[in-house]
Amino acid sequence: MNKQVAWKGEKEKTVYRNRHLGLKIGVASFAVFFLVILGVIYYIVTTYTVNTVYVEGNIHYTDEEIAERIMTGRFGHNSIYLNFRYRNQEIEDIPFVSAIEVEILSPDTVSIRVYEKSFAGYVSYLGRYMYFDRDGTIVESSEMMTAGVPEVTGLKFDHVVMYEKLPVENEQIFVRILDITQSLDKYELNADRLFFDREYKVTLYFGDVRVQIGDNSSIDEKFSRLKSILPELEGKKGVVQMENFTGDSKIIPFQEDKK
C-alpha cells in the first residue's frame, strides 16, 4: 500500500514537473517571439521612415501641401504604411484630387503620384467656384480659384447641385466649351474667362485683351494664329476680331480700347 502511494506521488511530481517545464518553455517562447516582433517593428520604424518625397501630377497644390495632407497620423511618415494606404486610393477629402498613389523608391524615399480631377471650366455661384467636367456635371465646389481652368460666363441657370449637370437651356454648350478648352491646352493658351452671348458666340479674355472667336468654325486655325498674335498685344487693351477668320485670312483686325 505504501509503495503504491509512493508511486502515485512520484507520478504526480513528474506530471507537475513536466507541466511546469512546459509552462517555462511556453513563456520563454512567447518572450522570444515578442522580442522578435519588437525587433521587426523597430527595424521597420527606423529603416522605413520617410526622409525624401517626390511628388508628380499636382497642379493645384505644391509638393509640400500634398505631402502634408497625406503624411498624417502616427504612421504617416512610414513608407510601408503609405504604400499600403495609398495604393491608387480614391480621395474624397482633398479638393481637386481624385486619387493618390504612393510608390516606395527606397526605404526612406517615396514617390507620390497625384491624379487630379479634370475640369472643363467653372461658374461662380453664391460666392463659390463650381467646377464642371466635360459633360457639364458639377464635380467640385471650392472657395479656391485654380489656375489653368477658365471661368465661363453668360450661361443662364437658376440653381446648382453637386454631381448633377449645370441646368442650362442648351446642353450642347458643354461640347463647345470642351472643344475650346482642349484647343487652349493644345496651343498652351491660358484664357481667364469664356463669355457666351445670347447667340452662344464666344469671347475669350486674356487679361485686358478680348478675343471674339464667334462660333467653333476653324477653331484649330484660330487658336494656332492666336498663339502668335497674343505676345504682340502684351500691355495693350482691346478686341481681336476673329469671328470671320478662316485658314486663308491674312489680316486679323485688332481694335484698341479708347483711353
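Which strand is Glu140 found in?

A: Glu140 is found in strand β7, which covers residues 138–142. (Strands are DSSP runs of E with at least two residues, helices are H or I runs with at least four, and both are numbered from the N terminus.) Before going on, keep in mind that this is a predicted model, where local features need pLDDT of at least 70 and side-chain atom pairs count only at pLDDT 80 or more, while totals for chains, interfaces and linings use all residues. Residues are numbered from 1 along each chain as its sequence is written, and side-chain values use heavy atoms, with hydrogens and water left out.

Now for Glu140 itself. With a relative accessible area of 9%, Glu140 counts as buried, because the cut-off is under 20% with a 1.4 Å probe and protein chains only (exposed is over 50%, partly exposed in between). A polar atom of the Glu140 side chain sits 3.0 Å from the backbone nitrogen of Phe96. Setting aside residues up to four places away in sequence, Glu140 touches Pro95 and Phe96, Lys117 and Phe119, Tyr129, Met130 and Tyr131, and also Met162. Touching, or contact, means heavy atoms within 4.5 Å.

Let's step out to the nonpolar cores. A core is a set of buried Ala, Val, Leu, Ile, Met, Phe, Trp, Tyr and Cys residues joined through side-chain atoms within 4.5 Å. The largest one has 36 residues, and Ile177, Ile180, Phe196, Leu204, Phe206, Val211 and Phe223 touch the most other members. At least two residues each come from β6 (128–132), α4, β9 (193–196), β10 (202–206), β11 (209–214) and α5 (219–229). Helix α4 hands over the largest share, 5 residues. Tyr129, Met130 and Tyr131, which touch Glu140, fall in the stretch of β6 (128–132).

Take Phe196 from that group: beyond its neighbours within four places in sequence, Phe196 is in contact with Val152, Thr153, Gly154, Leu155, Ile173, Arg176, Ile177, Ile180, Lys201 and Val202. Apart from this core lies another, of 23 residues, including Tyr61, Met71, Tyr86 and Val139. As a general rule, nonpolar side chains tend to be buried together in soluble globular proteins.

One last stop is Gln255, in strand β13 (residues 254–256). Past its neighbours within four places, Gln255 is in contact with Gly238, Val239 and Gln241.

Notes
A polar contact is a pair of N or O atoms within 3.5 Å; within protein, one must be able to donate a hydrogen and the other to accept it, and residues adjacent in sequence count only if both atoms are side-chain atoms.
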